[in-house]
Amino acid sequence: IGATVSQALVINFNGVTAGGTDRFLGTTKDDGTAFTANAEVNTGDDYTVGLALANESGAELTGELTLVAPDGITLDVVDADAVVSDVVRTGPFTWKFRMSPQALGDMTADLIITVALADDMPPGFYTIDGTLKQISE
């Protein structure tokens, strides 16, 4: 018998947006636990990726965001509104954060990822992959 594991922390459908770039495509995994962000970036440029999240648990929870990006890309993550707090970088590619039960799944970005392309990187399309994991309630 197979088991289905679900979590209360998810990315809203179409909840991946961008600012500062003209060419962007963001997609989410069907279960809302992962995303891919593709953008055309020029040398030395930066842009932002916004994640609209939902907390379906009814209680405050701790989440973990893990990002994978090509070498030469610098990443930073900050909270964008009052439903996410205490964003802390815990490793080279991971951040933990607290999320209130009031995060009901609107399309407002709750986390903002700043993506910067190094000055010695060629312009082009770059992909960032991210996963969300609920750590605790």
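**Exercise 1. Find what Ile113 is in contact with, leaving aside its neighbours within four places in sequence.**

Start with the cut-off: contact means heavy atoms within 4.5 Å. Now go through the partners of Ile113: Phe35, Tyr47, Thr48, Val49, Leu51, Leu65, Leu67, Leu75, Asp76 and Val77. Keep in mind that this is a predicted model, where local features need pLDDT of at least 70, side-chain atom pairs count only at pLDDT 80 or more, and totals for chains, interfaces and linings use all residues. Residues are numbered from 1 along each chain as its sequence is written, and side-chain values use heavy atoms, with hydrogens and water left out.

**Exercise 2. Work out which residues of the largest nonpolar core touch the most other members.**

First, the terms. A nonpolar core is a set of buried Ala, Val, Leu, Ile, Met, Phe, Trp, Tyr and Cys residues joined through side-chain atoms within 4.5 Å; buried is under 20% relative accessible area, exposed over 50%, partly exposed in between (1.4 Å probe, protein chains only). The largest core has 32 residues, and Leu65 and Ile113 come out on top for touching other members. Next, look at who contributes: E1, E3, E4, E5 (61–68), E6, E8 (94–99), E9 (111–117) and E10 each supply at least two residues. Across the protein, 40% of the 137 residues count as buried.

**Exercise 3. Trace the open sheet of 4 strands and say why its edges lack a neighbour on one side.**

Strands here are DSSP runs (E, at least two residues), numbered from the N terminus, and two of them pair if DSSP finds at least two bridges between them. The order is E1-E4-E9-E6, with antiparallel pairing. E1 (9–19) and E6 (73–79) stand at the edges with a single partner strand each, so one side of each has no neighbour in the sheet. Zoom in on E1 and E4 (residues 46–55): they pair over 7 bridges, and Thr17 stands opposite Gly50 in E4.

**Exercise 4. Do likewise for the open sheet of 6 strands.**

Read off the order: E2-E3-E10-E5-E8-E7, again antiparallel. E2 (24–28) and E7 (84–91) are the edge strands, each pairing on one side only. Inside the sheet, E3 (residues 34–41) and E10 (residues 124–136) share 8 antiparallel bridges; Ala37 has Ile128 in E10 as its bridge partner.
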